[in-house]
Amino acid sequence: MATSGRRPIAIVTGASAGTGREIALSLGTAGYDVALLARRTAEMEAAAETIRADGGDALILTVDVRDAAALDAALDGFLAWSRGRVDVVVNAAGYTGPLSPPIGEFSIDEFDSTLATNLRAPFIVLSRLLPVMRKAGAGRVVNIGGNHGMRGRAGRSSYSASKWGLRGLTRSAALEAGPDGVTVNYVAPGPIAVPRMKANWRRLAEQRGLSEEEALKAYVADMGIPLERPSEMEDIVAMILYLVGEGGRNITGQELVVDGGATL
Ligand SMILES: NC(=O)c1ccc[n+]([C@@H]2O[C@H](COP(=O)([O-])OP(=O)(O)OC[C@H]3O[C@@H](n4cnc5c(N)ncnc54)[C@H](OP(=O)(O)O)[C@@H]3O)[C@@H](O)[C@H]2O)c1
């Protein structure tokens, strides 16, 4: 995006692993200075080094996003580093929560923890950074939801509720910030081939006595994905780069589903 000659500034939560890390690195390659936020410092340090080696600046913010006061303090640190500027916010930190138990068989604390990570943390980030963008008259926000925020799924109630809630936050923020030139969108991936998911598929292969390729095929069939493949991280990153680039300037409040058609 146009930033009068200076390097644009992005902040990415969940930047220590998986898709968030890939998004941070891609924004660095695209010419952004990037703040990386998550709990694992060492993993973020490696990504920050790559961004710096490419000529960009990088800041590491080590914080558990479920701790509202600590997250707020980290955002203070971010605004001090960025001299009160921010062009792009990507809320990618996410947690699946209890994975199989039905409602009634997991605790309220577990429900709260999922909501605090997937919904309250993006709200806290927006509370601090949306006013900054609105005052500047420009900015792009991308909230990473999931296709379980577009549909229900047995055994995913807290996750689905949190991602569904994030859609409401996205649309409302888009309505509030639109007149000030700020876009707010929601990207809904289906299964992504991140290291965590690949480990799940390897476990599935062992449990069912299948090759890894057969296990992935079975998983894709179970998920009913018409394009018969999970997303790669690049598929999600490409959508985010589109939304924060020129092509995204007139897109706001939308849910962009990148799931091979699984929610059709
Ligand atoms: N992978 C998928 O198949 C898939 C599908 C649909 C949607 N998504 C969504 O896409 C986003 C990225 O998922 P992913 O699978 O690529 O990531 P991942 O590999 O599971 O990594 C999750 C990231 O979120 C951070 N995070 C989690 N809890 C946190 C906390 N309490 N405080 C601070 N950071 C926290 C982790 O950092 P630390 O552990 O260092 O704190 C890590 O950087 C998430 O919002 C996820 O819900 C993923």
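In this predicted model, the residues of strand E6 (residues 182-189) divide between two directions: Val 182, Val 184, Tyr 186 and Ala 188 point one way, while Thr 183, Asn 185, Val 187 and Pro 189 point the other way, and all of them are buried. In a regular strand the side chains alternate between the two faces of the sheet. Strand E6 is accordingly described as mostly covered, with eight of its eight residues buried.

On one pairing, E6 is joined by six bridges to strand E5 (residues 139-144), and the two strands run parallel; within this pairing, Arg 140 stands opposite Thr 183 of E6.

Helix H8 (residues 233-244) can be followed next. Its 12 residues, at 1.5 Å a residue, should span 16 Å, and because the C-alpha atoms at its ends lie 17 Å apart, the model agrees with that expectation. Buried in H8 are Met 233, Ile 236, Val 237, Ile 240, Leu 243 and Val 244. Viewed down the axis of H8, the buried residues fall within an arc of 125 degrees, and therefore they line one face of the helix. An α-helix has 3.6 residues a turn, so residues three or four places apart point the same way. The buried residues of H8 pack against helix H1 (18-29) and strand E4 (88-91), as well as against E5, E6 and E7, which returns the reader to the strand pairings described above.

How values were computed
Residues are numbered from 1 along each chain as its sequence is written. This is a predicted model: local features need pLDDT of at least 70, side-chain atom pairs count only at pLDDT 80 or more; totals for chains, interfaces and linings use all residues. Side-chain values use heavy atoms; hydrogens and water are left out. Buried means under 20% relative accessible area, exposed over 50%, partly exposed in between (1.4 Å probe, protein chains only). Helices (H or I, at least four residues) and strands (E, at least two) are DSSP runs, numbered from the N terminus. Two strands pair if DSSP finds at least two bridges between them. The expected span of a helix is 1.5 Å times one less than its number of residues. The arc is that of the directions from the helix axis to the C-beta atoms. Contact means heavy atoms within 4.5 Å.
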